[in-house]
Amino acid sequence: MPDGLTLTAKDSTSNLNNGSITSAAAVNGMIDGAASFNGSSSLINVGTSASVNPPALTYSAWVNANSLANAYTSVISKSEASSRLATLLIKSNGKLACYLGASGNLNYDGTGSQTLSLNQWYYLT
């Protein structure tokens, strides 16, 4: 996503975990280009190779929401088959939440002091 004009999901590492893009569009981002997601069916899938299934991981993403859904909106998610392993979400009130573990139990439900505002860039980790 180098320029905001052409949407690609190329892995810049030697692992070659290039993404498969579904219903996302190229837009200008915080750093170079970005993907715009429609909030329901857009995604970039990087597959399930061993290099994307480490024993520990850290999520990070630049986000700039122009609207918030009436429920939880997934920012980034890692799942296998029908089990959700970890998901970072934004709630309708602008608070963050996350799921951890195959049970799908909500482990943190947005009780922090920071509230995300619309049309503003945030770096989430």
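Biologist: Trp-121 first: is it buried, exposed or partly exposed?
Modeller: Partly exposed, because its relative accessible area is 29%. Buried would mean under 20%. Bear in mind that this is a predicted model.

Biologist: How many aromatic pairs does a search of the whole structure find?
Modeller: The search gives 2 aromatic pairs. In one, Trp-62 and Trp-121 have ring centres 6.4 Å apart and planes at 80°, so that pair is edge-to-face.

Biologist: Where in the chain do those two sit?
Modeller: In distant parts, 59 residues apart. Trp-62 is in strand S5. Trp-121 is in the loop between strand S9 (106-109) and strand S10 (122-124).

Biologist: And which residue forms a tilted pair with Trp-62?
Modeller: Tyr-123. The centres are 5.1 Å apart, with 50° between the planes. This pair links distant parts of the chain too, with Trp-62 in strand S5 and Tyr-123 in strand S10, 61 residues apart.

Biologist: So which residues make up the aromatic cluster?
Modeller: Trp-62, Trp-121 and Tyr-123 form one cluster.

Biologist: Why does Trp-62 count as partly exposed?
Modeller: Because its relative accessibility is 37%. Partly exposed lies between the buried limit of 20% and the exposed limit of 50%. Tyr-123 is also partly exposed, at 48%.

Biologist: Switching to the surface. Which residues make the nonpolar patch?
Modeller: Met-30, Ile-31, Trp-62 and Tyr-123. The patch covers about 430 Å².

Biologist: Which residues does strand S5 span?
Modeller: Strand S5 is residues 61-63, and Trp-62 is found there.

Definitions and conventions. Residues numbered from 1 in each chain as written. Predicted model: local features only at pLDDT ≥ 70, side-chain atom pairs only at ≥ 80, totals over all residues. Heavy atoms only, no water. Patch = residues over 30% accessible without salt bridge, like charges linked within 9 Å, V, L, I, M, F, W, Y side chains within 5 Å. Areas by Shrake-Rupley, 256 points an atom, 1.4 Å probe, with all protein chains shown as cover. Salt bridge = Lys/Arg side-chain N within 4 Å of Asp/Glu carboxyl O. Helix = DSSP H or I, 4+ residues; strand = E, 2+ residues; numbered from the N terminus. Buried < 20%, exposed > 50% of the residue type's maximum accessible area, 1.4 Å probe, protein only. Phe/Tyr/Trp six-rings, centres within 6.5 Å; stacked < 30°, edge-to-face > 60°.
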